[in-house]
Amino acid sequence: MAGTATPNAPETNRIGLQKKDYSGSKSTLCIGCGHDLITARVIDACYDLNIQPEQFVKLSGIGCSSKTPAYFMSRSFSFNSVHGRMPSIATGTALANRTLKMIGVSGDGDTANIGMGQFVHIMRRNLDLVYVVENNGVYGLTKGQFSATADKGSKLKHGAVNPFHAIDLCALAVELGCGFVARLFAGNTKMMRQVLQAALAFEGLALLDIISPCVTFNNHAGSTKSFPYAKDNEFALQDIGFVPAYDPHYEEMEHGEERDIKLGDGSHVTIKALDKDYDPTSRTAALSLLAEYHESGKIATGIIYINEKEPRFVDQINMCEQPLSTLPQSITRPGKEVLEEVMNELA
Amino acid sequence: MATAEVSETETRTIVNDFVLHVATANGSGSQTSNMVLLRALFGMGIPVSGKNLFPSNIQGLPTWFTIRANKNGWISRKQDADVVVCMNPETSDEDVETARQGAVLIYEESLNLADKRPDCVHYAVPFKKLIAENCPDMRLRKLVINMLYVGVCAQLFEIDMEEIQKALKQQLSGKQKAIDINLPALEAGFKWAAENLKKADPFKVERMNANEGKIIVEGNAATALGLMFGGITVVTWYPITPSSSLCEYLEEYLNRFRMKDGKKTFAVVQAEDEIAAVGMLAGAGWAGARAATSTSGPGISLMNEIIGLAYFAEIPFVICDVQRTGPSTGLPTRTMQGDVLSLLYASHGDTKHVVVIPNTPKEAFEMAGESLNLAEELQTPVFIMSDLDLGMNYWVSDRFEYPTEPIRRGKVLGKEELEKLGGKWGRYADVDGDGIPYRTIPGTEHPKAAYFTRGTGHTPQATYSEKPHDWKNNMDRLARKFETAKTMVPKPEIQDNGHAAGLIYYGTTHEAIREACAALEARHGLKLDLCRLRAFPFTQEVEDFLNKHERVYVVELNRDGQMRMALHAELPHFSHKLRSIKHYDGMPLTADVVVKAIVEREREV
């Protein structure tokens, strides 16, 4: 492989970049924050996928989670926007340049509270975006208020009990036609790395709702979003594999019981069901699974739902292949005869 | 059957000078009839305007259409009608009161208006009977009945029937079936009037040649065309009266003229709300599109947070605000210049914006294209301040001229420039001293191209900073950029003959001001110099105008004198000279309002 010829040369990926080319500035989040675990896996996934950093865009709203794009991929353009509006910024970015690969990082407050309006509409549109919700059930930057994903009956650090029902972002996403819905736990780094790669390779919107405990405000007994609670209650639905498009060994691999889904860029995600035979291509199965787990207080992790056949947003609206941002005046300004024609119609 | 309430039939003839006021119910197809009348007068070469006064409703509520034809080219709104056509029984009692003394009333004979307004010329017409005879399909009668009054008016006022028929075809886009339904009613109205009405009024039209090479267009269509020829690539919007037709026209034009190999060289997205619409603009402008939206006051309010982000993160896009009346829902189908302050200073924490203010469709066309250039050159949101009167009413306009200047995209560093610079650049560094930094576009293939865009405090290198001097330096640079904008925005239109009194105005009050000034001079011997504002920030010429004049009237369509407040805020040295003339009942300005106010105030001098 490239760059491994001499023992002392640093390891590089297939486009000759080192891991450090995917790094960002030092995290300023609390030590032990779940979000930093996610950041590290995003760096791994982008490195593994040989993503050209200049073709990658990071977007976020406001909150602890929305700060994290500063901590990975410094060579990539990034836009830390306003609270709850990352989806619209991402939509506009895709309209200007459909060739960019995009990740949007949000939190549970940024998405399920202030950002709910834009969340549901971006799900409908199937924008090409990996939408990561770093979900800890609590507002961090404003010091510990409940968010709308906090479970009913769960407790704040100082004892207040949440009287309201939680919003299940995965269930909503499935309901709204999202083609790639996963629930993950930041502590399960192996699954995160595989699913992040699959999500980045997926054409369309991939929602990753990642339970990412807040060590400062929501890691106590009585919280259902703490590290101990998630560790004790996570149930991995699947053993997930990812085979990149360039992998020459794919054909030789054994394909047994696992479900194999070919993604738009030619790579494959393999999903081997653990326990019972859960079908992640069925919306009704997905919805009943989520309801069932929610009732039992357990956290089902894995790919909840996948449908790689929905057309992408930019194709639904019949946009040309060339990025609109690069179209020359010869294309963007119709000729003199066009104005003449319109003027004659109005005369 | 002209009733003889008028003792003396006016013997003089008034040619090409009348205000025709048509009262109908909305959803009754009256728009077609009114447009046919307007287009026919236009086709006869007579200066004319058409203003639609409609309810916030789809079917059944009263609606009015006012056509003003004037051989001298005065086409602003005029308060009292010369001819009133009453087709709506719900409002006919009130409608006849809008007629001036001695005006013409045309109405359905069963309305019992014969005893009202004895000072007027009455033409009672059996519209219901006529439509039953001339439209066999009962379901269509409601939609075609209004074509009868077109025929009656054509006969009474000698409007050329050939022009009427031509206008009908154009208005119905040549759809033969619709033409076949409307034409019999049109002809029946004409024939009935010829056989039954005795001409008892002085109004008639004669062919002129004032419309050679002109067009009839709504301001929203003009702005849409300006954006298309300005090279727009992304349109994101949320429907709101009176702006919706702007983006609808734009999409229609783009679909016709901007396809390449069956694909769109643009994107139009109807967003879920105005916050999303402006968020999409911010993403698109940031990533290199020429992006615009249209909205109205309530939309501007919703967009405020992201407008501030775009000002501060320096992202180009264009918002066309087609203003309507009121705070809240207000009068959504009436006009106002009510968003002046909320555009000039939109958002929180020290913001000021570039605003261009067109007065006619032609200027709306030109300024729309230019606003896309200004947005990219200044790397900031640019507003087009339009209003319902300009956007949704019909204006006779000069033909638009094809833009000769190339599209300007501002200070953008590409791969080659970055290589030359050895990758050393700062997104918010003021390299040229004009406050305008250089930017890169996402996707630029250079390892140093990327930067972190944020609404938080930042350094010239775009890194995060909470340091007081970094914050202040950046805000000062943004102020410097705004100073630079003063040299780039459209200059005011000034008419200076050295008079002591000046008048500042902007936008669609133009026609009423023109007419008022002529009347002030002719009738009262009062002469004023004029300054029509065309942009914010105010340029040097505005300051000079204020400096030169002893007293300056500021005419505007809002209660609080918002532009006067802005002049006071920006040019405080002259604030003692400013006097407000304000009109704010939701209706376009009339010349009379201005004449009356100036005469009163000048008397005090």
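Which domains does the domain assignment of chain B give? Select chain B and colour domain 1 (14-204), domain 2 (217-398), domain 3 (412-488) and domain 4 (493-604), bearing in mind that such bounds come from an automatic or database domain assignment. What you have open is a predicted model, in which local features need pLDDT of at least 70 and side-chain atom pairs count only at pLDDT 80 or more, while totals for chains, interfaces and linings use all residues. Residues are numbered from 1 along each chain as its sequence is written, and chains are lettered from A and ligands numbered from 1 in the order in which they are written.

**Between two domains of chain B**

Keep domain 2 and domain 3 of chain B in view, whose C-alpha centres lie 26 Å apart. Their contact takes 14 residues from domain 2 of chain B and 13 residues from domain 3 of chain B, where two residues are in contact if their C-beta atoms, placed from the backbone, lie within 7 Å. On the domain 2 side, select α10 (297-313) and α12 (361-378) of chain B, each of which supplies at least two residues; helices (H or I, at least four residues) and strands (E, at least two) are DSSP runs, numbered from the N terminus.

**Where the chains meet**

All 13 of the 13 residues of α9(B) are buried, so the helix is largely enclosed by the rest of the structure; a residue is buried if 20 or more other C-beta atoms lie within 10 Å of its own, exposed if 12 or fewer, and partly exposed in between, with C-beta atoms placed from the backbone. Just after α9(B), G288(B) takes a positive phi of about 100°.

For a link between the chains, select strand β2 (residues 77-80) of chain A together with β19(B), which pair in the parallel sense over three bridges. Two strands pair if DSSP finds at least two bridges between them, and in β19(B) the bridge partner of S78(A) is F452(B).

**A covered strand in chain A**

Move to strand β5 (residues 180-185) of chain A, where six of its six residues are buried. In a regular strand the side chains alternate between the two faces of the sheet. Here F180(A), A182(A) and L184(A) point one way, and V181(A), R183(A) and F185(A) the other way. Six bridges join β5(A) to the parallel strand β6 (residues 205-211) of chain A, and F180(A) stands opposite A206(A) in β6(A). With β11 (residues 299-306) of chain A, β5(A) pairs in the antiparallel sense over four bridges, and the bridge partner of F180(A) in β11(A) is I306(A).

**Backbone details in chain B**

Finally, select T241(B) and P242(B), which are joined by a cis peptide bond with omega of about 5°, and notice that P242(B) is found in the loop between β10 and α8 (244-257) of chain B. The peptide bond from F536(B) to P537(B) is also cis, with omega near 0°.
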